[in-house]
Amino acid sequence: MSGDVPTIGFLGAGQMATALARGWLSAELTSPDRVRASDPVPQARQTFTAETQARAGANNIEVLAVSELLVLAVKPQSMPSLLAEIRPHVTPRHLIVSIAAGVTLKQLADGLGAKSRLVRVMPNTPCLVGASASAYAAGETATEDDLRLVDRLLNAVGRAYRLPEHLLDAVTGLSGSGPAYVYVMIEALSDGGVRVGLPRDVATALAAQTVLGAAQMVLQTQQHPSVLKDKVTSPGGTTIAGLHALERGGIRAALIDTVEAATQRARELSRPV
């Protein structure tokens, strides 16, 4: 484990916080004794501790006091009250990383003070297995060292991209919510396998492995998906028959609409109430 990763505190100990903590622990970037969390919900605290071996309590200020990197992992609607609570206790040593969808850097700076070192991140839950797709945007006072640290942490559990903040809502709509879309696709492919006679467990495993393999092909070959699709599609064969059925069902429009709808919701969350 590298000693230059600061102590980490999660304010909010839900699924995303737990996934990030587990991912960083699995990557050996930190250790349970250097991770703390707080959450008002006892079950969330219990799950966080059970899955990370790190301490979790109900007091945000206690976590803030022992942490250098603070991950704000509460729901967007809970952010204003959290910022008001912790503002008097935030010091120049704290790097604040928010993973709340739709909460802007300006809203964070207004809540914590213009001098706060802020980074806004949109991760997704596959960080738990080292396969996250994340993006982040820097606040004006974040240093290059801050950004190198965030980049290192995020790339340790997947792939991360630094983007202008105005694109983070689109990231939320695509990769932030995207795992749920893919789970539906895997479930539907599995249903198709069962429909044509495969046992459920085999159908689900084949569907999941197919999605995993296809994704790896895109990332590792860096070829356009349409090129890879054409390599699988023989004239008059089974694949083109299946693709015809997908196009008849409007899969492209449905997926585009899905990302657009989630992006729009992220934008709505960022608007002042």
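Reader: In which loop is G249 placed?

Author: This is a predicted model, in which local features need pLDDT of at least 70, side-chain atom pairs count only at pLDDT 80 or more, and totals for chains, interfaces and linings use all residues. Numbering starts from 1 along each chain as its sequence is written, and side-chain values use heavy atoms, with hydrogens and water left out. Helices (H or I, at least four residues) and strands (E, at least two) are DSSP runs, numbered from the N terminus. On that basis, G249 is in the loop between α11 (238–248) and α12 (251–269).

Reader: Is G249 buried or exposed?

Author: A residue is buried under 20% relative accessible area, exposed over 50% and partly exposed in between (1.4 Å probe, protein chains only). The relative accessibility of G249 is 62%, so G249 counts as exposed.

Reader: What distance separates the C-alpha atoms of G249 and W24?

Author: Along the chain, these two residues are 225 residues apart.

Reader: Which members of the largest nonpolar core touch the most other members?

Author: Such a core is a set of buried Ala, Val, Leu, Ile, Met, Phe, Trp, Tyr and Cys residues joined through side-chain atoms within 4.5 Å. The largest one holds 33 residues, and those touching the most other members are F10, W24 and V119.

Reader: Which element gives the largest share of this core?

Author: Two or more residues come from each of β1 (8–11), α1, β2, β4 (69–72), β5 (95–98), β6 (117–122) and α6 (144–155). The largest share, six residues, is given by α1.

Reader: Which residues belong to the second, separate core?

Author: This core is made up of 23 residues. Among them are L11, V90, A137 and L168.

Reader: What is the volume of the largest cavity?

Author: A cavity is a set of points, on a 1 Å grid over the protein atoms alone, where a 1.4 Å probe fits but cannot get out. Points are joined across faces, edges and corners, and the volume is the space filled by probe spheres set on them. One cavity of 30 Å³ or more is counted, and the volume of the largest cavity is about 70 Å³.

Reader: Which element gives the largest share of the lining of the largest cavity?

Author: Lining residues have an atom within 4 Å of a point. Here they are L20, W24, L69, V71, V97, I99, V121, V150, L153 and L154. Elements giving two or more residues to this lining are α1, β4 and α6. The largest share, three residues, comes from α6.

Reader: What is the phi of E28?

Author: Most residues other than glycine have a negative phi. E28 lies in the loop between α1 (15–26) and β2 (35–38), where it is exposed, with a relative accessible area of 53%. Its phi is positive, near 60 degrees.

Reader: What is the phi of Q53?

Author: Q53 is placed in the loop between α2 (42–52) and β3 (55–57). At 59% relative accessibility, Q53 counts as exposed. Although Q53 is not a glycine, it has a positive phi of about 65 degrees.

Reader: How many Å apart in space are K115 and A142, C-alpha to C-alpha?

Author: K115 is found in the loop between α5 (105–112) and β6. The relative accessible area of K115 is 78%, so K115 is exposed. K115 and A142 are 27 residues apart in sequence, and C-alpha to C-alpha their distance in space is 9.2 Å.

Notes. On a 1 Å grid over the protein atoms alone, a cavity is a set of points where a 1.4 Å probe fits but cannot get out, and a pocket is an open set with protein on both sides within 12 Å along at least five of seven lines; lining residues have an atom within 4 Å of a point.
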